[in-house]
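Please look over the sequence and structure first.

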Amino acid sequence: MSTDNNGKKLPKGIRMRGKELYEARFTYKGETYVLYNTNLKLLQNELAAKRYEVEHGFYAKESNVTVDSWFHTWMEEYKKNSVKYGTYKVYLDEYKTHIKEALGRRQLKDVRGEHIQKLFNDMAKRYSHTTVNLVRVILSGMYTQAVRNGMVLRNPVKNTSIKKKKRKKKIRVMTTEEQNLFMRYSKSSQFYDLYMVALGTGMRSGELRALQWSDIDFENKIIHVNGTLKYIAKAKEKYMIDEPKSESSKRDIPMLDNLVTVLREHRKRQLGTRMLLGDKWRPESGFENLVFTGSFGRCISETALYEDMKKIRTQIREDGHVFGEYTPHSLRHTFATRGFEKGIPPKVMQEILGHKSITMTLDIYSHVLPDKKAEEINKLAAMF
């Protein structure tokens with residue numbers, strides 16, 4: 001029987017390994033199982049639990065595959081056909097940038113919660129909550145599938161935490177006066193027609209920038225939302241049209257008569273510009289028929305819209321008007337708010353905006369609805 005460093009007898013199957021580490025081992029049906037711990041009592045409990053799992057068929061022997069090898073298997077066999085292509089590419093990029101160097105060479109079974117926690121803590125010093133959380137989603141997904149496959153016993157990501165995201169800022173919505181000011185001052189902008197469509201449909205920025213002429217049904221006055229423009233910095237082809245944000249995001253939006261006129265005129269001007277520029281009109285491959293483009297037919301970046309709106313805001317303020325801080329997404333919120341103010345039912349607005357559920361619509365635009373409820377309740381006053 002083995003003894004510890006003080007000469008005290010150790011339980012059967014346990015011995016000292018170095019000054020502080022205890023080793024426990026047992027054999028079952030020719031297979032040897034080994035456990036380690038610096039705490040003797042905890043090791044005894046783990047030994048008893050492991051022996052029970054093995055003898056009752058609850059234990060699956062962990063695999064020696066590395067994190068790197070399993071990630072690529074997981075991506076090809078489990079994720080490639082179940083997520084949007086843009087998401088697939090983002091997962092590949094995030095793994096290469098943040099996970100590969102830190103954990104890639106380790107065996108999947110040897111990664112513990114503290115290893116992953118250190119990765120999250122280091123990332124939090126340099127990256128946003130969204131980026132850290134995305135890495136957590138990737139690692140958790142990998143390990144969840146590995147547990148199902150019997151490759152590891154537990155998901156170590158469950159033993160980690162990330163700093164909570166700061167409270168979501170209140171959505172920014174233009175007042176009617178600000179909306180009128182914005183449209184008046186944006187008439188000289190190359191994106192004026194895009195802003196008109198944004199405020200008349202509530203489409204997301206990426207959806208507007210991905211819009212193709214084949215998506216515009218002038219005869220039936222309908223815009224078909226079929227995709228969203230995505231920018232992938234590390235890819236060879238920087239832009240791609242990805243699937244909509246969710247199944248409900250793929251939708252048809254009725255066009256107001258003024259938008260039909262705007263888009264018809266926009267198309268005429270675009271065709272004229274293309275003829276004028278000739279060979280200088282050089283859209284990215286696969287983006288030859290975009291409705292809205294930047295200079296020389298190129299894709300419009302989110303940053304370009306943001307900077308253009310910033311320039312318009314500066315002009316408005318320099319002329320002495322009060323005008324808030326708004327982004328391209330504010331145009332979507334402004335459309336929805338005007339709709340609610342005019343009495344459009346939440347269910348109809350949900351379908352126009354492409355939200356997954358009416359709960360999401362009501363939650364986002366709760367700032368508008370209380371006033372509408374009061375108006376409806378006041379209709380009962382005539383009964384008393």
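Helices (H or I, at least four residues) and strands (E, at least two) are DSSP runs, numbered from the N terminus. The model is predicted, so local features need pLDDT of at least 70 and side-chain atom pairs count only at pLDDT 80 or more, while totals for chains, interfaces and linings use all residues. Residues are numbered from 1 along each chain as its sequence is written, and side-chain values use heavy atoms, with hydrogens and water left out.

**Salt bridges**

- The whole structure holds 17 salt bridges, each defined as a side-chain nitrogen of Lys or Arg within 4 Å of a carboxyl oxygen of Asp or Glu.
- R15, R17, E23 and R25 are joined in a salt-bridge network.
- E114 pairs with R112, with 2.5 Å between the closest N and O atoms.
- Within helix α9 (residues 257-277), E265 and K268 are three residues apart, about one turn of the helix, and form a salt bridge whose closest N and O atoms are 3.7 Å apart.
- R313 and E325 meet through their side chains in a salt bridge (3.2 Å, N to O). R313 belongs to helix α10 (residues 302-318) and E325 to the loop between α10 and α11 (328-341), so the pair ties together parts that are 12 residues apart in sequence.

**Exposure of the paired residues**

- Buried means under 20% relative accessible area, exposed over 50%, and partly exposed in between (1.4 Å probe, protein chains only).
- R313 is buried at 8% relative accessibility, whereas E325 is partly exposed at 35%.
- K268 is exposed at 56%, and E265 is partly exposed at 35%.
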